[in-house]
Structures are given as C-alpha cells and as structure tokens.
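Welcome! Please take a look at the structure below before reading on.

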Amino acid sequence: MNAELGQADTGTDPVLEAKDLVKHFPIQRGIVVKRTVGHVQAVDGVDLKLHPGRTLGVVGESGCGKSTLAKLLVGLETPTSGSIKLEGREIGNLSARRMRPFRRDVQLVFQDPYTSLNPRLTVGDIVGEPFEIHPEAVPKRGRAGEVKELLDMVGLSPDHINRYPHQFSGGQRQRIGIARALALRPKVLVCDEPVSALDVSIQGQVINLLQRLQDELGLAYVFIAHDLSVVRHIADEVAVMYLGKVVERGTGPEIYDHPRHPYTQALLSAVPVPDPDLRGHREEIVLQGDVPSPIDPPSGCRFRTRCWKATDRCAEEVPSLAVGDRGTHPTACFYAEERDVTHAVK
Amino acid sequence: MSELTAPVPTTERQASLWSDAFRTMRRRPDVIIATLVLLLVFAMAAFPRLFTDKDPTQCLGREARLRPDTWFTGDHPLGTDAFGCDFAATLVHGTRPTIALALSVIVASVVIGLVLGIYAGYYGGWLDSVISRALDVFVVIPMLMGAILILSLFRGRVSTESLVETIAAPAIALTLFGWMEFCRYTRAATLETKNLDYVIAAKCLGASDRRIMFKHILPNAIVPVTAVVPTTIGGIIVTESALAVLGIGVQPPATSWGVLLSDGTEWAGGGYVYLFAWPLGLLILTVFAFATFGDALRDALDPKLR
C-alpha cells in the first residue's frame, strides 16, 4: 500500500501521519507455558495522512479494525510495526513515560457516553482531570475558570460543574466527553463512533458542535463511524476499511458518488433510501456469507470470498491501493469499476 | 447553545449511591434497632465509666459468686464472678478489647485485601497468579485451625499490660486468615472496571497507573467490599470468643467477652448461669446487630434490588 491518503494536499505538513501501520494481537494457549497459536490481524498495513483543520472519515463494518486503528493513533496500543508521526516526530514506539507529553496533542472521543464518564466524579472533576495529570498545562489558580470555559465551549452551562454524569442526557454527556478531550488543547481529535449511541436529533447537534469546534480551534479529526451518511456530512476524505485494510479512499464525492471498489459499492447500496417512492428503484447488492475471521484472513484480496468479481488472480496477489486507481482515486481492486449504487431513479 | 443545557432545577438533590443507600436504610426498623445496639456496644467500649463506677480489678474473695438477686440495683447489679469482682464492671470493661480487636482486624484485612486485589486485578500476569494462588492457600486452611497454629507460637509469651499487647497476637492471626474475601471482591471489581471507557479515557490523558487504580477503580471496588464488612465484624467477634474458650485468644487476666464466656462455662453448671448467659447474650445481640446491618447495607448498595 504505497499510495498515500490525503492527496487533496492542503500544502501544509500533515499533523498526523501513519505509515504501513500493523497491529496483530497474539492468541496464546497454555496454562504454564504460553505459546502463540495465531494472530488476530486487526490492522494490517494502513497508511494515512491528516492535515490540520481537516477531517478524515473511516468507515467499515464492525470488526474491521476501526477501533484498533483509533487506539493506535492515540497511543493506547503500540503498533506491531509501522510508524505513527505526530508533526513529523515518531511516536509509535515510545515508552509510556516518554509518550506523556505527546498525549496532550491527540485525544479520543468515545462511542458510549454512558461508560466514558466516571459516575463517581462531578463534571468539574471529569473535565478538570487533564489539568491534574498535566499540571504544567494550566496553573492551579486558573483551572476552575478553564473548566467553565470548556463547558461553555461545548454548549453546557458552566453552573453544572458540581453535577454528576447521571444527571445529564446522552447528548450532554457526549459534550462533557468532548470538553474533557479538548481540555489540553489537542491538535488531533480521534472520534471513535462519537454519535452512534445517540438519538438521530442529538447526533445532528453533536456533529454540528464538532464542526464548530473544528472551525474555532483548527482541529483535525479522525472520524470513525459505521454510519455512512454521518461520515459524508463531516469528512473531507473517506477511507473504507475491510478486515484491517483500507480498500478505497478519496474525497466525499469520489467515494459516495463514484465508488469503484465492490465492497464500497455493496456498503453504499445498503444505505436506506429516504424517499418511499423511490424505494426498490435502486440497485441493491446483497453480499453472501460473513466477514472472514481476522485470525486467518483470505489470501490475496481479503474481500475475494464475498466478491462477485473474484478470479484466481485475487487469491494469489494482494491488490495495492494503486492497482485500481486508473487516474481517479486509490482503490485496492484489480477489477475496479464505477457503479452507481447511491442514486435511485424511477 | 445554552438552551441545550439541562432543564434541571439547581436545588435538585445530589443523588449518589451512598446517599440513596443511607436513605433506604434509614427507613428500616430492623436497621434502626441494630444501629442502637451497636451504638450501645461502641459506647461501652469507648466510655466504660458511663456504665459502671466499679473497678473490675477490685475483687473481694468474700463477695465471690453473689447472684444478681437484687436485679439491677444494689452494690452489684449483675452479681459478682468467681473471684468476687463486680460482674457488670467486668462485662463492660471486657467490651473494649473485643471491639478493638474486631475493628483492628477488619481495618487491616480490608486494607490488605484492597491493595492486593487491586494490584492483582489491574496488572494481571504473574502478579495476579502469585496473589491468587496465595489466596487459594489461605482459603483452604480453615480460619480456626490456622489461628490455633499461629497462636500456639505466641502462647505463654504474651503480656497483658496494655490493650495493644493483649489483642496483638489474636489480631495478627485473625487478619492473616481474614483478608481473602476482600481481596477477591476487589480483584473482581477491578477486572470489571479496568476496561471501562472512562478508565481508558484517563489512560489516554496520560494518567499514571496509581492514579487510575486509586481514583477511578477503587471507588467502584469499595462498594461490594463495604457490604460485607459488618457481617465479617460479627464473624470476627465470634471467632475471637472461640479462641478465648480454647484458651489461646486474649489471655486472662485481661478480659474480653470470649474470656468471660470461657470462665462462665465453668460455673454455669453449678447454678451460676448468669456468669455464662450475660456475655453470651451480649455477644449474640452484637453479632446479630452487625449481621442485620450488613444485610441491609448489602441490599441498599445493590441497585438491582431497589
């Protein structure tokens, strides 16, 4: 996978860059003597480039390695191989202690606002905790004011500082989580399905909040989701993942209006049609079978077991993202071809 | 965006698990009675002079074994014991070693159990294996047998000069065989909590292991532990008595309820049942109060039972 994500270059240096990122989790057996019997290949050779103020959307079904990718990017997991660079400095292989100063720059927003806040701490303690961990960030005297400012920034009343998380709704809790992530003024926010646990109406509010914060603070987002329409709304670029690999990537219109990889096409064709009159007037691709196990992924192209175009070549050769490019956008398929699956016509 | 904030009045009560539990327990009559009994016992331990003006060490041989025929009045409201000491004073002054022993054992056991449990659960790996196997070993040795073995080592070498020296040996023995339950509860709660999102969020912010363990995990682990504490105190008091009856717990001339029980059994058959019945009654009442309190506390702290 040599082609790099982020072709729509803004002319600036990327704030976060990952090259050939691999994360394999060993599966161990045995009681006294542990031996490794295999590896879960959660993330297998992912490249990405994220520019300041831009949003990279990552989509894919559950189990495709999206969340592992998020954990790698924020430094919660150490990569098996490959590099992660933050503003040009390598952070992928740092020890926990040397990683500390860099933690301020990349923060994570969680999926479930009900488990991501400690139920025994007040909102003030939760949002103020980053300052206790990094005392050099804000002098002790200014912390209370800073916490109030953060709450105000995410649209919560600063008076709620002494409340407990359970006194808030899901959307408000997610705002608290965002305020905590913003406390140290990070440059990159990795959002791991930040709205999928919320009601649709609340999803819109949180998405708008994230966009406003991006404009105000110049944040770069890695936005992970399985909801394609949400990603389309917020992302400048989209990467589609399948079984630990990026299969296609490009700008929003390139992916949504001109998908070239069979998997992307199948994924897009599963999005419901909002207009009841047009229902049934769009091509639908129903994939056969299940996602193969990441412990023993198929040889060659990982999608070949469910692909209607698969040939012998797909089993022998691993398609790179450049293979299906042909002057449009990176697609990891030997038989990449545009197919309209999003527009229903009567 | 302030219109999106919670429309909750600022006067709303700060509901938390503990205050809810307190509110539930306050309404139960059995808890109120148990609390009153415990307060009485603690008061006896802390201020014995409030309950008796006699010195338990001032004994007159000619007044030995006076039955409490006067019923709570007269010179010796509960009669006198085999050596002619005022029995009410002996009973009241015997409360302090009993309660001090129970409390020191429970505090030490909880601290040891919490620390070992949280380290085992959080770090896992070989540390967990070592602690868990050690725990298994202590669990399979019956507490009484273990305590007998340990206390045999101290036998005859214990002075009874001060409270600390009186209770030190049984306290060490009982703690050694009492920490496992708390360790197990804490380890389980730690395993449950350590992969929750808010712990991962703290890690992501760069929090140290110690901060995560004691600020984020411990407050959650302490709930199941608290629920078993009162019941365990009751158990410790009973075991202390058993050790005293066997002659290896608190050593006479120091007194505890167990020592009194032990002495009382010698005379109960000869018509001096009160020497046996009073310490036994007090013991049963106290253990019962601790058990009732513990039971109610466990119910109140378990959200599923509400």
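Here is a short tour of a predicted model, taken contact by contact.

## Where the chains meet

Let's begin with the contact between the chains. Chain A brings 28 residues to this contact, and chain B brings 22 residues. On the chain A side, at least two residues each come from α2 (96-103), β6 (106-109), α3 (123-133) and α5 (170-182) of chain A. The largest share, three residues, belongs to α3(A).

What is the make-up of the side of chain A that touches chain B, in nonpolar, polar and charged residues? This side has 10 nonpolar, 11 polar and seven charged residues.

## A helix pair in chain B

Next, turn to chain B, where helix α3 (residues 87-123) packs against helix α7 (residues 180-193). Their axes lie 7 Å apart, at an angle of about 35 degrees, and the crossing of α3(B) and α7(B) is right-handed.

On the α3(B) side, the contact residues include B:Ser109, B:Gly113, B:Leu116 and B:Tyr122. Among those they meet in α7(B) are B:Phe182, B:Arg184, B:Tyr185 and B:Leu191. The residues of the contact of α3(B) with α7(B) comprise 10 nonpolar, six polar and three charged.

## A sheet in chain A

Finally, chain A holds an open sheet of four strands, ordered β2-β1-β4-β5, with antiparallel pairing. Its edge strands, β2 (35-50) and β5 (89-90) of chain A, each pair on one side only.

Strand β1 (residues 16-29) of chain A pairs with strand β4 (residues 81-86) of chain A through five bridges, in the antiparallel sense. Which residue in β4(A) is the bridge partner of A:Lys19? That partner is A:Ser83.

Note on methods:
Residues are numbered from 1 along each chain as its sequence is written. Chains are lettered from A and ligands numbered from 1 in the order in which they are written. This is a predicted model: local features need pLDDT of at least 70, side-chain atom pairs count only at pLDDT 80 or more; totals for chains, interfaces and linings use all residues. Two residues are in contact if their C-beta atoms, placed from the backbone, lie within 7 Å. Ala, Val, Leu, Ile, Met, Phe, Trp, Tyr, Cys and Pro count as nonpolar, Asp, Glu, Lys and Arg as charged, and the others, Gly among them, as polar. Axes are lines fitted to C-alpha atoms, for helices over the stretch in contact, and angles run from 0 to 180 degrees between N-to-C directions. A crossing is left-handed if the near helix is turned anticlockwise from the far one by less than a right angle, and right-handed if clockwise. Two strands pair if DSSP finds at least two bridges between them.
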